[in-house]
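Here is a short report for a reader new to this structure. Look at the model first, then read on.

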Amino acid sequence: MLLTVSPLLALGALAFIQGSTLALLRPGVDSHTGKRADVPIPDPASHVNLFIGTTGPGHAFPGVTLPHGMVKVGLDTDSPDNHAGYDSNPSFSVTGISQLHDDGTGGSVPLSIFKLFPFASCGGDNRFEICACDINSRKASRKTLADGSPDDVAEPGYFATNLSTDIRIELTATRRAALHRYTFPSNSTIPRMVIDVTNDGQQSNSNPIVHITPETSRVTAGSTFAASFGPGNYRAFTCVDFKGDGFDLGKPVEYGTYLGNSPIRGLVNGHQEYTGYRSELGALVGFKPNADGMCDRETKIYARVGMSFISTEQACKNAESEIPDFDFDGTRAAARAEWNELLGRIQVDTENVDDDTVELFYSSLYRTHISPADYTGENPLWESDEPYYDSFYCNWDTFRTLYPLFSLHDPENFARIVRGMINIQQHEGWLPECRGATAKQWIQGGSDGDPILGEFFVKYAYQPESLGVKSEALYKALLADAEDQPPDWNLQGRQVNVWKEFGYIPQDLVEPGGANTKQVSRALEYAFGDFAISQVAKALNKTEDGKKYAKRAGNFVNLWNPNVTASDDPSIVGFVQPRFFNGTFGFTDPIHCSPNDHSGQTCFLFNQNFDGFYESSPTVYSQFVPQDTAKLIELQGGPDKFVARLDYIFDKNYFDSTDEPSQQIPFMYHYANKPGHSTQRSRQVLAQHFSTAPRGLPGNDDSGAMASYVAFFLAGLYPVPATKQYLLSSPFFPKISFFNPAFNTTTTIVARNFAGNPVNGTGGTVFVQNVTIDGKPAKSNCFLEWDVFQKGATVELTLTDDIEVSCGNGVDALPPSLSTGGFD
């Protein structure tokens, strides 16, 4: 165990500095070049494909943002799948360029606010008054390439598109501001810009404001919008400035506000319009072209857009401070450099690895750092010196794999996120669960902020204060979830009183404070949350609390009904089931809400859902006991029957690649001493369901949940959150390394006998036969302990083509479980 802390940890107070600056302070970074010496891929951004998952259900965001940036500027389309604004299907038209988006969400379309849209001309006689400003009238198609794809370009820090109107749009960004560059054709005699104040993704605006300052062409605006996955709303503000690229743009030659398709020349204030609920209000400004004596010269105009949740004045300050000189190329280069520094902490050897695999890895790693978003300085709800993060959309999706990936290579951002979560609990009473644009949103499962805080503290228990996290404040935040019932557990906290009384949530109990749904799936997650709390308590030497919450973590057995049999296989016996107030069991068919359920059930957030499960089947949820899989194996009849059940889940199509509850299942063979089967199943999942295509995601990316899942599978690892263990398989690379700046250490996993990756995921020399750590035999072939990553090490895997490898012969070779004395 590392007992000393690196100099970086003493700089916890500097964690807010932008990454490109902080990189110069990192241990292991050359102070002259700003580069690490152990980086075989110096430009990982060149391996990022931002169009993966941008058509269909993936809802991935391909626009521009910094790592965890607040601003996410990107193209909006009229696609029904425009949750992140964009759709790579060119049949959908462009409706504007919005400044804020989320990545990979479901629900209603979030954010997509304050769209800008360019006009090269308006109508036959090009008059201001006939410019079609409303969202449906103004939209334009994109130009297409020879292969039929849209003429769009995206890379970390940059996005560009060419409209059918011969206007080119280019985008880059800082944390709270965006910089647009519009290139108008030479025949555009009055280049015009729409600033759309009211059209968010749901068209939910109310109380809009807009003001034009003709002397400077500055446009300020604000509006209130509805939360996309909850009952609340939020208010946001923007500040837009224009400047010519290579010429003096001067004052606008025409300007005015518009309502619908009626621009009124000379109006400078939205209050002069007869606005109503959901009216389409905005500003329209026109400029002189860059003639400069040449009739064929294009006109390039910058639009600098500041964003704020505080005020228009704050939005202007954000833009002025972050992009003071309208330096597009410099802003773009700084964004790419920040991404490269972060992505470059995980390095892969590409020998005998196809380009698509490298691209899939770094693209997935990239998307894990889009959310949560750093809204520090933009919290309108209370004043605090602590970081404020938002876009937790939702913890139910991300606690499994996103944060354990942060643990490996990005402790500073992880620590700031945790500090922000603690601060929310201090002001609102409970940890955030689902949150968007400062508004509380619907909880999907249990209090899944608990394993996130548990993940951080278990990994960084020896230096939380140096990373700015106060141990006791973290523990108090966990206890609030564990012990205090909120007035509305649909939005925060747990239905904890009955959980403490019964050790489950009775299906027939209706009490005020939240919906009477998801009793089984919530209880399973409450149990895992209590496990996470037990691990924090033990790390803090709170022995009795550790025992108390470890005992509560075992409450999952209260949901196990050994008398339920699968309807399509009588050998599969025993499932988690709803339970009544009197202790008897209800019944939900194990096929319910699975891919095999043809009744159309979704198990979504509906009060009439009395089945007890959320977004997945009893068959899948019956496998969710990460804290005690050994006990689960016992309940399911022993290792052989456990393996047979896992095979049944895959072979009978119960595994659901589109949703998070299934994520851990491919790696569960480890616990039955069949790690080769985990390796093959996980590789088959990737081969069958994920690719680098625009339809390369089988379901919502869910704020990086799917991205982190894929990244782990490609790395040959799978995390057990809030523990010190990572389940081990073979990476898709002959070598992969993880640099952790908090420890100034690099851990390298080397795959001996690496012979490439089978295209269909089946067979091959990919199974781990033996493991050594720094030349010494590891205690297990099935998992790595955290100290391997903490101290830095070389882990060597000997690969074979024999799928029937084992975890090893030692007493501790199997991954730990509570019931077998693990996690102490």
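In which order do the strands of the open sheet of six strands lie? The order is S16-S25-S26-S30-S27-S28, and the pairing is mixed. Strand S16 (346-348) and strand S28 (776-777) stand at the edges with a single partner strand each, so one side of each has no neighbour in the sheet.

This is a predicted model, in which local features need pLDDT of at least 70, side-chain atom pairs count only at pLDDT 80 or more, and totals for chains, interfaces and linings use all residues. Residues are numbered from 1 along each chain as its sequence is written, and side-chain values use heavy atoms, with hydrogens and water left out.

Helices (H or I, at least four residues) and strands (E, at least two) are DSSP runs, numbered from the N terminus. Two strands pair if DSSP finds at least two bridges between them. S27 and strand S30 (residues 794-800) pair in the antiparallel sense over six bridges. Thr772 has Glu796 in S30 as its bridge partner.

Three strands form another open sheet, ordered S23-S24-S29, with antiparallel pairing. Strand S24 (residues 725-728) pairs with S29 over three bridges. There, Gln725 stands opposite Glu785. H18 packs on the sheet and touches S23 and S24. Its direction makes about 135° with that of S23 (axes are lines fitted to C-alpha atoms, for helices over the stretch in contact, and angles run from 0 to 180 degrees between N-to-C directions).

Helix H17 (residues 675-689) is largely enclosed by the rest of the structure, because twelve of its 15 residues are buried (under 20% relative accessible area, 1.4 Å probe, protein chains only). Among them are Pro675, His677 and Leu686.

The largest pocket has a volume of about 790 Å³. On a 1 Å grid over the protein atoms alone, a pocket is an open set of points where a 1.4 Å probe fits, with protein on both sides within 12 Å along at least five of seven lines. Its volume is the space filled by probe spheres set on the points, which are joined across faces, edges and corners. Lining residues have an atom within 4 Å of a point. The largest pocket is lined by 36 residues, and Gln725, Glu785, Gly822, Phe823 and Asp824 lie nearest its centre.

Technical notes:
Buried < 20%, exposed > 50% of the residue type's maximum accessible area, 1.4 Å probe, protein only. Contact = heavy atoms within 4.5 Å.
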